[in-house]
Each structure stands twice: as C-alpha cells, then as structure tokens.
Amino acid sequence: MVERPVWRPAAAREVLESRAQLLAFVRGFFAQRGVLEVETPVLGRCGVTDVHLDSIPAGVSAPGFSGGWLQTSPEYHMKRLLAAGSGPIYQVARVFRNGEVGRRHNPEFSMLEWYRPGFDDRQLMAEVADLVVGWLSCERPETLSYRAVMQRWAGLDPFEASEAELRARCREWMDDPQLADLDRDGCLDLLMSFAVEPHLGRERPVFVTAYPASQASLARVSEDARGHRVAHRFELYVQGLELCNGYWELTDPVEQRRRFEADNRLRRVAGKPDMALDEAFLAALAAGLPDCAGVALGLDRLLMLRLGCGDIREVLAFPFDRA
C-alpha cells in the first residue's frame with residue numbers, strides 16, 4: 001500500500017510569522033554592526049572530512065564536472081571570501097547533513113554563520129550573547145569550561161581520566177561490544193551527550209569553552225593553566241539545547257591539512273569513505289586568512305526556544321517527511 005503524501009505544512013501560521021520576525025531581527029542586528037550579508041553555494045565540489053558529519057552527495061553530471069556535495073556549512077566558502085578581503089560577513093544558509101533526523105534534527109536546516117576579523121573567541125562570545133539575549137529576552141550566559149561541566153555531571157576529569165575509566169562510565173548507556181568501537185573522544189562525546197548536555201543552560205544560558213585539543217576541528221589550540229592543550233572553541237546551551245559552535249579560527253594551512261588527513265584516518269577506522277580535501281579552501285588559507293573568529297548558530301533551534309517547541313518539526317514548514 002502506497003502511503004499518501006501529506007501536503008499540508010507542519011508549522012502553524014504564527015510560527016511562519018515568528019520565523020519571518022527572526023530573519024528580520026538577524027538582518028537588523030548585523031546591519032547595525034556593519035556586517036555584510038553574503039551568499040555562498042549550497043552545492044559544492046567538496047564535502048567535509050569531519051568523521052561526525054556525513055555530507056549528502058549531489059550526483060551532478062555536467063560537462064567537465066561530475067559529483068558534488070550539498071554543503072553541511074557555508075564555512076569553507078565564507079573563509080575564501082574573508083581571504084579575498086570581504087571584511088566581516090554573515091549568512092543565513094540552508095545546510096544539509098545526512099542521517100540526522102529526530103526531535104532536534106532535520107536533514108536540511110537553517111544556519112546563521114558569521115565571521116569577525118580581529119575578534120578572538122571571547123569577543124565573539126559577547127556578540128553571540130547580544131544576539132541571543134536580544135531575541136530570547138533571557139539572562140546573559142555564564143561561562144564554564146569543558147573540564148568543569150564534565151567533572152560536575154559526568155563525574156570525571158576529561159583530561160586526566162584513563163580510557164578504562166571513561167569506558168566504565170559509558171557502560172551506563174552502551175554495552176561492551178558497542179564500546180569497543182569508541183575511542184577516547186567517542187567516549188567523551190557520549191558522556192557529553194547523555195550525562196552533561198541535558199543539564200546545561202537550565203537556570204541560565206551557558207557557554208562551554210576550552211574543549212580538548214583533539215576536538216578543535218577548525219579552532220586554534222593553546223595550553224591552559226594546568227598544561228592541558230585546549231581548543232579556542234565554544235558552544236552555547238540554552239535549556240539543554242546546543243545552539244551554536246564557534247572558534248577562534250585556525251589560519252595555518254599546514255596544520256589544517258594535517259587535521260583533514262587525520263579526519264580521513266578516523267573515517268577509515270569508522271568504516272566511512274575518505275573525503276577529498278577542499279584544496280580551494282586550503283589555498284585560501286595559504287593566501288592569508290585574516291585573524292578572525294567565527295560561529296555557526298542553528299536558527300531553527302533558536303526559533304524553538306522562543307516558541308517553547310520541543311520538536312524541530314514544529315518550526316519547519318515542510319520537514320523531511322513532508323518535503
């Protein structure tokens with residue numbers, strides 16, 4: 001029996017109005033601060049190497065070109081604009097991630113991403129707080145380290161705990177055969193998701209900072225007061241919901257290439273295909289990415305928080321099952 005398609009939108013009229021108000025608020029926020037709105041491709045020649053992100057292949061067939069990927073983020077293209085001298089920029093982008101469906105995930109979603117030349121991670125956190133507080137009318141966020149939140153809610157020090165201790169703690173959510181496939185960062189990610197995240201931002205919004213260097217992705221790394229190598233990366237949580245991910249951006253093309261290659265090694269271990277390195281992006285870094293900080297913020301989730309919605313489907317006109 002063929003299932004009849006649902007033609008009606010999932011989101012109510014008042015939700016559509018609130019989304020329009022949010023977009024107007026975002027554009028007004030950045031216009032007042034002299035940040036330029038840009039557009040970059042939704043369809044690109046390269047995907048991403050990140051082992052935790054799965055790009056959606058596009059299957060383009062055109063003279064001189066085939067393949068392509070729907071973009072998981074406008075990051076690489078926006079950094080190419082920065083390297084070309086764009087100055088501060090932002091974008092409201094449609095982005096795509098394979099395998100992500102649930103109360104907080106849809107394969108296609110709206111992302112607000114912006115970059116501030118001359119800013120470090122702390123300065124950008126202040127601007128993120130201005131935007132979020134302005135829209136949600138909430139308290140300004142507090143700031144806690146990754147180490148502090150893991151100690152408080154997972155009951156261990158993420159920098160000092162042995163892998164055996166991490167696995168023992170993870171057994172509350174996974175059995176031994178499943179744990180065998182997790183490395184140290186995999187265990188930490190599981191603990192963050194199940195033991196820590198549900199508690200974050202319940203009383204007031206909270207920035208989590210100083211992630212382990214192994215989770216730096218595209219962020220700079222330095223040593224903290226205890227001699228641990230930590231990433232200049234932050235995430236903002238409101239009511240247990242991760243809202244954004246930001247970096248004081250890495251500008252070293254050699255180190256970035258090394259990280260991409262390390263990602264592909266992890267992908268092979270995880271049984272995932274290697275992803276071609278984005279050589280145009282690496283060339284832009286080599287040409288000179290300005291000292292800057294950048295952040296990606298989920299607009300659908302920001303709208304969920306404003307409206308008190310518990311499921312992303314409530315704020316999407318046509319979630320994937322109705323698209």
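Reply: Happy to! A crossing is called left-handed if the near helix is turned anticlockwise from the far one by less than a right angle, and right-handed if clockwise. Helices here are DSSP runs of H or I with at least four residues, numbered from the N terminus. This is a predicted model, in which local features need pLDDT of at least 70 and side-chain atom pairs count only at pLDDT 80 or more, while totals for chains, interfaces and linings use all residues. Residues are numbered from 1 along each chain as its sequence is written, and side-chain values use heavy atoms, with hydrogens and water left out.

Now to the pair itself: α4 passes α7 in a left-handed crossing. The axes of α4 (residues 146-154) and α7 (residues 184-196) come within 10 Å and cross at roughly 60°; axes are lines fitted to C-alpha atoms over the stretch in contact, with angles running from 0 to 180 degrees between N-to-C directions. The two helices are therefore oblique to each other, the class left after under 35 degrees (roughly parallel), over 145 (roughly antiparallel) and 65 to 115 (roughly perpendicular).

From α4, the contact (heavy atoms within 4.5 Å) uses Y146, V149, M150, W153 and A154. Their partners on α7 are L188, L191, M192, A195 and V196. By class, this contact has 10 nonpolar residues, no polar and no charged ones; Ala, Val, Leu, Ile, Met, Phe, Trp, Tyr, Cys and Pro count as nonpolar, Asp, Glu, Lys and Arg as charged, and the others, Gly among them, as polar. As background, an α-helix has 3.6 residues a turn, so residues three or four places apart point the same way.
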